[in-house]
Amino acid sequence: MLSLFAYFDPSAGSLLLQAFVGGAGGIVVIGRYLWMQFWAKQSTPVR
Amino acid sequence: MSPVMSPVKFDVGSFRDRSARVFESEQAIYRTLNQESSEAWKRVSCQDFFQRRMSTGQIIPTTELSDSEIRRFLLPAEVTGVLKHERIPFISYPYEWPFALLKRATLLQLDLLTEAMTHQVMLKDSTPYNIQFRGTQPVFIDIGSFIPLVPNEPWLAYRQFCELMLFPLLLQAYRGIHFQSVLRAQLEGIPAKQFLQWIRWRDLFRPGVFTNGWLHAALERNAQQVSTSTVKDLKSSGFQSQMIQQMLKKLTRLVERLEWNPAATPWAATQWANYDASLPHVAEDLQEKSDFVRNVCQTHRRTLVWDLGCNDGRFSRIACEFATTVVALDQDHGCIERLCKSLEPEQRVILPLCMDLANPSPGQGWRGQERRRLEERGQPDLVLCLGLIHHLVLAANIPLPDVVCWLASLGGELVLEFPSKQDAMVKGLLRNKRDQYADYSLEHLVQELQKSFQVVRQVSLPSGERTLFHAIPQGKSKSADGV
């Protein structure tokens with residue numbers, strides 16, 4: 001379930017930072033996140 | 001109670017979060033709930049930690065209205081519940097708080113969030129506008145902020161926390177920059193990019209700056225190109241709530257260690273730090289002034305006292321023995337900070353605030369009504385105006401009649417100290433200026449006072465150049481005569 005409670009923009013950078021400072025587990029999360037972004041870019045058609 | 005038949009008028013400043021809006025009716029404060037916020041309230045309000053925090057006063061005491069009580073009000077259709085809050089004696093804003101009060105508010109926010117998360121509850125926002133003060137005790141007032149924790153979702157309010165709470169504290173602790181004027185101009189806070197512009201290279205290595213400041217700004221810049229939902233992506237990548245708790249621990253340690261020492265930087269030392277030693281009249285007149293103020297205060301108990309130009313707060317301390325709330329205002333941040341720290345930790349009467357009375361807090365935000373101007377936040381029963389009027393007239397160049405008119409508009413009794421032009425401080429103010437202040441005299445002052453007040457008592461102080469007045473607003477003076 002995704003929270004529907006935020007009434008302001010939390011900013012992507014501040015969300016990523018929390019994973020960065022999350023220790024070893026956070027590094028794994030960042031790694032997976034970057035991998036997802038890479039594949040999302042690869043599968044986006046270029047006009 | 002009779003039903004209120006016209007539609008409730010929501011507080012102009014209560015619109016950002018539509019799920020829980022505040023209105024006032026018959027001197028009481030209410031908050032409406034919609035379907036989601038009602039469910040959140042039911043889940044949160046029965047928790048032990050919530051009830052405990054309410055009983056200690058850290059969360060505003062709140063009760064839920066019954067259906068029959070709700071029917072008294074004409075409410076929008078989406079409202080499914082109404083809460084009633086205890087009233088805060090005097091509303092203040094983060095851009096008026098000294099460093100010490102913003103730090104206490106921040107620590108309360110972190111403490112509440114840390115405990116809430118252990119009970120599967122989250123705070124949806126992290127703004128100091130969710131916190132008020134009773135004396136110097138912070139009270140969390142935004143009940144609508146408590147929501148069920150969504151597992152493994154990042155802390156959505158971290159950016160807001162940094163911009164409105166952490167960066168202002170870091171700027172004042174590390175750079176001595178008074179955050180109050182910045183927050184008054186920027187109600188949404190200080191963005192990371194702007195924070196970094198005030199930071200020197202060597203400050204990057206100080207606790208909290210690199211991670212929360214530099215790295216934050218760098219990630220914000222790079223993440224602007226991302227088109228997908230970062231919240232969803234992080235959850236899919238395995239983000240865990242424990243990461244937030246780790247972060248909260250670090251932030252709490254960081255904030256606990258932050259201090260601002262007004263005397264630390266010689267060129268930044270404030271003018272009134274050593275008021276007692278600075279001028280000869282102070283020691284000579286002190287006892288007489290104290291006795292005068294005490295005699296006025298002890299005639300009867302006051303609900304709200306304003307001490308304008310409070311300096312070290314000695315007269316606020318006298319007033320607080322006979323008042324429910326004393327708001328101590330001064331433009332000198334060092335004095336207010338020292339006053340704050342010198343007060344007993346549990347006291348709930350004196351609220352020290354930083355304010356330039358020649359430029360008091362105006363109406364701010366949307367339509368100039370979201371955050372109220374000073375004069376709209378409560379009528380004082382008694383105003384102490386000691387050692388101030390010459391600064392307003394001779395330094396700020398406000399005409400004497402205008403100052404008296406403003407004091408009269410506050411509506412309360414007045415204790416006023418008037419130094420003549422022979423006074424040492426006044427001579428200092430005029431030393432390098434042309435004396436254009438023909439209206440600054442005892443005779444003119446008495447004339448102006450008598451337009452709006454009845455002067456009950458007038459006393460010359462031992463130093464010879466200062467006069468104290470006790471004046472009662474006309475209209476109230478008849479009832480005073482009968483006492």
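A: Two residues count as in contact if their C-beta atoms, placed from the backbone, lie within 7 Å. This is a predicted model: local features need pLDDT of at least 70, side-chain atom pairs count only at pLDDT 80 or more, and totals for chains, interfaces and linings use all residues. Residues are numbered from 1 along each chain as its sequence is written, while chains are lettered from A and ligands numbered from 1 in the order in which they are written.

Start with the contact itself. Chain A contributes 30 residues and chain B contributes 35 residues. On the chain A side, α1 (12-20) and α2 (23-42) each supply at least two residues. Helices (H or I, at least four residues) and strands (E, at least two) are DSSP runs, numbered from the N terminus. The largest share of the chain A side comes from α2(A), with ten residues. By class, the side of chain A that touches chain B holds 19 nonpolar residues, ten polar and one charged. Here Ala, Val, Leu, Ile, Met, Phe, Trp, Tyr, Cys and Pro count as nonpolar, Asp, Glu, Lys and Arg as charged, and the others, Gly among them, as polar.

α1(A) meets helix α8 (residues 209-222) of chain B: their axes come within 8 Å and cross at roughly 125°. Therefore α1(A) is oblique to α8(B). The axes are lines fitted to C-alpha atoms, for helices over the stretch in contact, and angles run from 0 to 180 degrees between N-to-C directions. Angles under 35 degrees count as roughly parallel, over 145 as roughly antiparallel, 65 to 115 as roughly perpendicular and the rest as oblique. α1(A) and α8(B) make a right-handed crossing. A crossing is left-handed if the near helix is turned anticlockwise from the far one by less than a right angle, and right-handed if clockwise. From α1(A) come A:Gly13, A:Ser14, A:Leu16, A:Leu17 and A:Phe20; they meet B:Leu215, B:His216, B:Leu219 and B:Glu220 of α8(B). This helix contact has five nonpolar, three polar and one charged residues.

Next, chain B as a whole. Domain 1 (1-87), domain 2 (109-257) and domain 3 (275-481) divide chain B. These bounds come from an automatic or database domain assignment. Between domain 1 and domain 3 of chain B, the C-alpha centres lie 37 Å apart.

Take the sheet with β1(B) to β4(B). It is open, has four strands in the order β1-β2-β4-β3, and pairs antiparallel. β1 (22-25) and β3 of chain B stand at the edges with a single partner strand each, so one side of each has no neighbour in the sheet. Neighbouring strands are turned by 30° against each other on average, direction ignored. Two strands pair if DSSP finds at least two bridges between them. Four bridges link β1(B) to β2(B), and B:Glu24 stands opposite B:Ile29. Five bridges link β2 (residues 28-33) to β4 (residues 81-85) of chain B; there, B:Thr32 has B:Val82 as its bridge partner. Three bridges link β3 (residues 62-64) of chain B to β4(B), with B:Thr63 partnered by B:Lys84.

Move on to α4 (residues 99-118) and α5 (residues 158-175) of chain B. Their axes come within 10 Å and cross at roughly 145°. The crossing of α4(B) and α5(B) is left-handed. B:Phe99, B:Leu102, B:Lys103, B:Thr106 and B:Gln109 of α4(B) meet B:Met165, B:Pro168, B:Leu169 and B:Gln172 of α5(B).

There is also a hairpin. β6 (residues 131-134) and β7 (residues 137-140) of chain B pair antiparallel over four bridges, and B:Phe133 stands opposite B:Pro138. Two residues lie between these strands, and B:Gly135 takes a positive phi near 60°.

Last, the seven-strand sheet. It is open, with mixed pairing and the order β11-β10-β9-β12-β13-β15-β14 (chain B). Its edge strands, β11 (350-354) and β14 (453-460) of chain B, each pair on one side only. Neighbouring strands here are turned by 15° against each other on average, direction ignored. β12 (residues 382-385) and β13 (residues 413-419) of chain B run parallel, joined by four bridges. B:Leu382 has its bridge partner in B:Glu413. Helix α14 (residues 333-342) of chain B lies across β10 (323-330) and β11 of chain B, at about 155° to β11(B).
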